[in-house]
Amino acid sequence: MFRFFIAAVITLYTSLHAAVLSTEQLRGGLSAQTFDKTLASLCADTSDDDEYWYWLNLARLQQANGDYNSSIASFEKAYAILDEYENRATISVRNIGSFVGSSLLSKGSETYFGKGYERALMHTLNAINYIMLRKVEGAAVEMRRMEQRQEFWLIESDEKIKQAAKDKATAAARDTSTDTVPTNYSMAALLNSPDIRNLLNNYQDPFSYTLGYIISEISGLSDATGDEGSVFLKRAIALNPNVTKTINSSKTSVSPEKLHVNIVVLSGIAPAMKIEKIRFPIFHAAEYTSIDLPSYTPPGNDLNRLTIANGPRTFTPPRLLKSDMMAYKTLSDEFPGELAKAAVRATTKGIAAKQANDHFGDLGGLLTSLFFDLGSSIADSGFRNWETLPNSGYLMNFEAKKGETISIILNDRQESFTLPKTGKGVFILVSYLTHDNIRIDYADY
Amino acid sequence: MKYLSLSVALASVLILATGCSSTKGGAGMVGYDSNVKYGDAKAVETLTDAFGSTDLQSSAETLTQSLLQSRYIASAAQPPKVRLRSVNNLTYEHIDTKAITDKIRIKLLKSGQVRFLADKANLGEVYDERNLTTTVTDNKNIKLMTDADYVITGNVRSIKKASDDVKDVYYNISLELVNPQTGEIVWADEKEIRKVTSKSTVGW
């Protein structure tokens, strides 16, 4: 009877979380041979179509496939889910449920609504969709949204910082230490890296702001918006001084035989969040206990070398979008709270097992402990995020003669692109998913 | 019995976990039954704080009335030729500003106080149509087709502010009547809209 009950619950639970494509299948299915099948599977899998991460992953793959209209539609679905979350009641039953679940049971009980940089970057990537469809005004709207979205993240971050302090106090009251990063935690070295700690913040990136400047210039609306473009550029330079190397085209119109060239390269896949279980000396009664902490799989398929050549000129665009760094910075900022929560979860589990042991004997204690582990493992397996977010973004702006050929060297591959013979400028998007799956598309204006 | 009690306790834990982890962010987009009916096109719409049909209608109404009362239109010896240029969208939303200009054009045309020239987007098609009927370019006629007495331009702007509980969106829709020969702005007006959304204190 009891075994039947467990089996039934597990079956039910697993079916609730069954996604057609696992994280590994999604991230591993991006090569030229498998990409179409991966995209088709993701499109066909509607089991998670009320999840934020699903639409983000789909939107990214559709963009890399050149299907910009579908990508916009998918991003809009993601926005709707996030908007609904951001507009929830002050005391929301769902938020409380998620909070209680993640505080007491498992990190995987949290519903994923993205981190600050992801919420900003979805608008940046969608702006690129609009440019590719030659809807520059729409692209400009997305860049404004990119900035607007940060406001809610700041409110949410502030709440998280306050909650972290409370969690830390709770853990301290229970005589559990959350002051140090566990040495056997895979992210320990990264969290202490000066490169991560010295990032200005965890949600603003110079790539988005430089793109915002270029869009503002292309749209010709910068003056009407109080020189919005210059504001974007100043912010980009404040975040990364190398941005000045990327803008090589004059603001005024070029001579008739030339045009503005804007090249954007999006490459690789950013680290994907996972939940790591580690043994940690935190609960005195049990000596060592297992705690679950958010962690990241390494980024993949990224570029080591990018060079753009136009006649005798050679450009080496600086890496402006560093999704991995922003992910690690976010984790670093949130880590004290996460560790405190993990300690509370471990303590809850210990107390529940102890009480079950007192009431039902050794077997009861053991089964309760196993149930907690099983429940959290199942919940953790369904914990997904934006697993196809580009890891790197490069941007280069310069003037070139119409009809000329430019070379784009991506690691050991050289791609050529012939510039249009008409128009004021061209926006070239290079999507580098893997070494054999590269798409170059353009929109002239 | 002992095991049954334990089962119930553990089931409660698992159900709680299931309930929490399967909490969806669902934006109400899927899985709902449809129930279609006709509504009043002029009824006030307050579904969201986004720029909507009521805003479109009230903006077009206010600005058209104001424009028709301006002395350059009201006191003109004969209805002036006007070309509607684009209204720039400088907001945080994907507003179809063509819907605003189209509505204004219809209202102005119905008044009979102005004549409209084809706008920039349609001018190419008008040229094509002419080329089908004339083999020699008639510069005089082309000039008649392209020379406007006035040009209407505009902007839609918005300012969004949010606190923990309240979201405030301010829209400003402005139009200008410009003499293209002199660059003089002979009329300008605006329509302001403010929408405030408050979060519920308690909810699902």
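Modeller: A salt bridge is a side-chain nitrogen of Lys or Arg within 4 Å of a carboxyl oxygen of Asp or Glu. Asp83(A), Glu86(A), Arg119(A) and Arg149(A) are linked in a network of such bridges. The model is predicted, with local features needing pLDDT of at least 70 and side-chain atom pairs pLDDT 80 or more, while totals for chains, interfaces and linings use all residues. Side-chain values use heavy atoms, without hydrogens and water.

Colleague: What makes Arg149(A) and Asp83(A) a salt bridge?

Modeller: Their closest N and O atoms are 2.8 Å apart. The limit is 4 Å, so the pair qualifies. Arg149(A) lies in helix α8 (residues 136-173) and Asp83(A) in helix α5 (residues 68-86), 66 residues apart. Helices here are DSSP runs of H or I, at least four residues, numbered from the N terminus.

Colleague: Why is Arg149(A) called buried?

Modeller: Buried means under 20% relative accessible area, exposed over 50%, partly exposed in between (1.4 Å probe, protein chains only). Arg149(A) has 9%, so it counts as buried. Asp83(A) has 32% and therefore counts as partly exposed.

Colleague: What separates Asp333(A) and Lys329(A) in helix α13?

Modeller: About one helical turn, because they are 4 residues apart in that helix (residues 323-381). Lys329(A), at 8%, is buried. Asp333(A), at 37%, is partly exposed.

Colleague: And in chain B, which residue does Asp102(B) meet in a salt bridge?

Modeller: Arg105(B), at 3.2 Å, N to O. Arg105(B) is buried at 14%, whereas Asp102(B) is partly exposed at 28%.

Conventions:
Residues are numbered from 1 along each chain as its sequence is written. Chains are lettered from A and ligands numbered from 1 in the order in which they are written. Helices (H or I, at least four residues) and strands (E, at least two) are DSSP runs, numbered from the N terminus.
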